[in-house]
Amino acid sequence: MASSTQNKIGKRPEKEPVPLMDTLHDTWRVMKPFVYFSVKALKVMAHALIFIVKHIPKPEEHPPESKKDKVIKI
């Protein structure tokens, strides 16, 4: 006669413990595309900020005094 196993209501079967290295490897495999995307996005933002800061006019670079002779009528 075949052996029968009884399943009780509300009792979950026991799961095998998963080694830590397998968990970490699987986590890195899932998160790798997101990490690469975020690094590239941060590089783009950094280059944009550097471009903006480099192109802000410096206080010493005012236009010549001849431009101040203009009269603006209101």
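Predicted model: local features only at pLDDT ≥ 70, side-chain atom pairs only at ≥ 80, totals over all residues.
Next, the secondary structure. The chain has 1 helix and 0 strands. The helix, α1, covers residues 20-54. How far apart should the ends of α1 be? With 35 residues at 1.5 Å a residue, α1 should span 51 Å. The end C-alpha atoms of α1 are 48 Å apart, which agrees with that expectation.

α1 does have a bend, though. At methionine 31 the helix bends by about 45°. A proline, proline 33, follows within four residues of that point.

Methionine 31 also belongs to a nonpolar patch on the surface. To take one of them, tyrosine 36 sits in α1 and has a relative accessible area of 46%. Buried would require under 20% and exposed over 50%, so tyrosine 36 counts as partly exposed.

Now the charged side chains. How many salt bridges are there? The count comes to 1. In it, the side chain of arginine 29 meets that of aspartate 26, at 2.6 Å from N to O. Where do the two partners sit relative to each other? They are 3 residues apart in helix α1, so about one helical turn separates arginine 29 from aspartate 26.

The two partners fall into separate accessibility classes. Arginine 29 has a relative accessible area of 54% and is therefore exposed. Aspartate 26, at 37%, is partly exposed.

That is the end of my part.

Methods:
Residues numbered from 1 in each chain as written. Heavy atoms only, no water. Helix = DSSP H or I, 4+ residues; strand = E, 2+ residues; numbered from the N terminus. Patch = residues over 30% accessible without salt bridge, like charges linked within 9 Å, V, L, I, M, F, W, Y side chains within 5 Å. Areas by Shrake-Rupley, 256 points an atom, 1.4 Å probe, with all protein chains shown as cover. Salt bridge = Lys/Arg side-chain N within 4 Å of Asp/Glu carboxyl O. Buried < 20%, exposed > 50% of the residue type's maximum accessible area, 1.4 Å probe, protein only. Expected span 1.5 Å × (residues − 1). Bend = angle between axes of the 7 residues up to and from the residue.
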